Amino acid sequence: MTKQNTKKSMTKSVLFVIFILFVIIVICNSFYTVDYNSQAIVKRFGKIQTVESTPGLHFKLPFVDDVQEVYAGNRVYDIPTSDVITKDKKSMIADDYVIWKVTDATKYYKTLSAVDARAEERIDAAVYNATKNTISSMTQDEVIAARGAVLTEIITEAANSDIEGYGITIITAEIKALDLPEDNKEAVYERMISERENIAASYTAQGESEAQMIKNETDKEVAITIAEAEKDAETIIAEGEAEYMRILSEAYNDPDKAEFYSYIRGLDALKVSLQKGDKTIMLYKVQWSIETVAEA
């Protein structure tokens, strides 16, 4: 083999290797992957061609299409504390946190270039304005009473209306701490305790009043029941005595029985008179008739 042929063979080998490398590079540049909870923005010369959200391997034009991946899952953003003023001009300190996500990758890229830091700047401003406007429409007592789910719902809805065109959504904007400045915290707590004690005293007085009304009504019903029972008892006793007299009248309706009844009653009266002290009974037998009286 001549030196020239060797040189040609080496040139072909190098070109083949270069070709293989080029094919590998083209193939690698023709595919991209989409992760779970992510969206891939496919751009061609800076213009969005498509947005792919299905996880897996996907094809694109090599060296022409560019892919930017956007995480579409929930994110947590802790907003710095801020001072807010209530409707009654009381100062409070609000500490919020936000759970948000990208819901429209196209809008997210066109408005914020799909930069998370820019998104958090918009969220920060929107949540602060929503918190400030919500609390400024309520008194301090109303804010304290409504803290929790009520404030969260109001602030979240208001903040979402401010970031509607950015392709992002606030799932929840919650006040994790709503505190009072140190200079008036003690006074507010004392006022709250006093108000709660007044409410408790009002409930106690109302309960005692209702209890007294129930007791009076019960006493009235008991008195009526007893009076009716006594009336019924007297009626029954009178009826019994009447029946007793009727039975006696029927039993002693002839002279012999009447005389025996009078005799028994006399003995009963004599027995009663002898129960107290020493007494002497003198019995006389008197016998007379109409004929004897006439002769006299």
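User: Starting with helix 5, what span should its 14 residues have at 1.5 Å a residue?
Analyst: Helix 5 covers residues 149-162 and should span 20 Å; its end C-alpha atoms are 20 Å apart, which agrees. The expected span is 1.5 Å times one less than the number of residues.

User: Which residues of helix 5 are buried?
Analyst: L151, T152, I155, T156 and A159 are buried in helix 5. They cover an arc of only 125° around the axis, so they sit on the same side of helix 5. That arc is taken from the directions from the helix axis to the C-beta atoms. Buried means under 20% relative accessible area, exposed over 50%, and partly exposed in between, with a 1.4 Å probe and protein chains only.

User: And what's on the other side of helix 5?
Analyst: A149, E153 and E157, which are exposed.

User: What covers the buried residues of helix 5?
Analyst: The cover includes helix 3 (116-136), helix 4 (140-146) and strand 9 (168-179). A contact here means heavy atoms within 4.5 Å.

User: Before we go on, where do these values come from?
Analyst: This is a predicted model, where local features need pLDDT of at least 70 and side-chain atom pairs count only at pLDDT 80 or more, while totals for chains, interfaces and linings use all residues. Residues are numbered from 1 along each chain as its sequence is written, and side-chain values use heavy atoms, with hydrogens and water left out.

User: OK, strands now. Which strand does strand 9 pair with over 10 bridges?
Analyst: Strand 8, in the antiparallel sense. A94 stands opposite L178 in strand 9. Two strands pair if DSSP finds at least two bridges between them.

User: How many bridges join strand 7 to strand 8?
Analyst: Four, and strand 7 (residues 82-85) pairs with strand 8 in the antiparallel sense. I85 has S91 in strand 8 as its bridge partner. The two strands form a hairpin with five residues between them, and K89 in the turn has a positive phi of about 65°.

User: What about strand 6, which way does it run against strand 8?
Analyst: Strand 6 (residues 75-78) and strand 8 (residues 91-102) run antiparallel, joined by four bridges. D78 has Y97 in strand 8 as its bridge partner.

User: Zooming out, how many helices and strands does the chain have?
Analyst: Eight helices and nine strands. Helices (H or I, at least four residues) and strands (E, at least two) are DSSP runs, numbered from the N terminus.

User: And how much of the chain counts as buried?
Analyst: 22% of its 296 residues.
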